[in-house]
Amino acid sequence: MFFAGCLTPNLVLPRVDSKILPHNDSEKKYCNVCHVGNTQKVYVNTSELCIRCHPMGVNDHPLGVKLSGEIKTWLPLEMDREVACHTCHDQHNKTQQKAMLRTDFNHLCKECHNK
């Protein structure tokens with residue numbers, strides 16, 4: 001499990017103006033804020049990338065929790081089956097849900113927590 005203090009040291013990522021919302025980048029001008037060149041590859045672990053602009057607070061869901069058992073295929077995890085920011089949040093904001101969630105809050109939580 002990791003929190004905001006575990007960012008990869010010495011990694012220099014492209015800067016982003018706080019007025020730019022790269023998540024809603026239909027013109028694809030700001031893809032390089034997260035992506036390497038014109039690829040789908042991101043600079044670092046997905047959650048580390050998110051925390052760079054979105055600091056975590058004390059009430060945030062822990063990251064890096066390794067899941068076992070049945071996992072819903074529509075909820076993406078890191079390669080090692082760990083919960084990441086993009087497990088619950090749609091980083092490209094296609095859903096247009098509040099807080100960029102993949103679906104409504106109650107439905108989303110029940111996918112993993114006591115149905």
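A residue is called buried when its relative accessible area is under 20%, exposed when it is over 50%, and partly exposed in between. On that scale Cys-34 is partly exposed, because its relative accessible area is 23%. The model described here is a predicted one.

**Overall composition**

The chain has three helices and zero strands, and from the N terminus on its elements run α-α-α. Of the 115 residues in the chain, 27% are buried. Among contacts between residues at least 6 apart in sequence, 42% join residues at least 24 apart.

The largest nonpolar core is made up of five residues, namely Cys-50, Ile-51, Met-56, Leu-63 and Cys-85. In soluble globular proteins, nonpolar side chains tend to be buried together. Residues up to four places away in sequence aside, Cys-85 touches Ser-47, Cys-50 and Leu-63.

**Cysteine sulfurs**

Which distances separate the sulfurs of Cys-34 and Cys-85 from the closest cysteine sulfur? The table sets out the two cases.

| Cysteine | Closest cysteine sulfur | Sulfur separation |
|---|---|---|
| Cys-34 | Cys-53 | 6.9 Å |
| Cys-85 | Cys-50 | 4.1 Å |

A disulfide requires a pair of cysteine sulfur atoms within 2.5 Å. The sulfur of Cys-34 is therefore too far from that of Cys-53 for a bond, at 6.9 Å, and the sulfur of Cys-85 is likewise too far from that of Cys-50, at 4.1 Å. By this rule the count of disulfides comes to zero.

**His-35, before α1**

His-35 lies in the segment before α1. Is His-35 buried or partly exposed? His-35 counts as buried, because its relative accessibility is 16%. Its side chain reaches the backbone oxygen of Gln-40 at 3.3 Å. Not counting residues up to four places away in sequence, His-35 touches Gln-40, Lys-41, Val-42, Tyr-43 and His-92.

**Arg-102, between α2 and α3**

Arg-102 lies in the loop between α2 and α3, the latter being residues 105–110. Arg-102 counts as partly exposed, because its relative accessibility is 21%. Leaving aside neighbours within four places in sequence, Arg-102 is in contact with a set of residues including Trp-74, Leu-75, Pro-76, Thr-95, Gln-97 and Leu-108. His-86, Thr-87, Cys-88, His-89, Asp-90 and Gln-91 are also among the residues that Arg-102 contacts.

Two polar interactions can be described for the side chain of Arg-102. The side chain reaches the backbone oxygen of His-86 at 2.8 Å, and a polar contact of 3.4 Å joins the side chain of Arg-102 to that of Gln-91. Arg-102 and Gln-91 are eleven residues apart along the chain, and their C-alpha atoms are separated by 9.0 Å.

Technical notes: Residues numbered from 1 in each chain as written. Predicted model: local features only at pLDDT ≥ 70, side-chain atom pairs only at ≥ 80, totals over all residues. Heavy atoms only, no water. Core = buried A, V, L, I, M, F, W, Y, C linked by side-chain atoms within 4.5 Å. Buried < 20%, exposed > 50% of the residue type's maximum accessible area, 1.4 Å probe, protein only. Contact = heavy atoms within 4.5 Å. Helix = DSSP H or I, 4+ residues; strand = E, 2+ residues; numbered from the N terminus. Polar contact = N/O pair within 3.5 Å; in protein donor to acceptor, adjacent residues only side chain to side chain.
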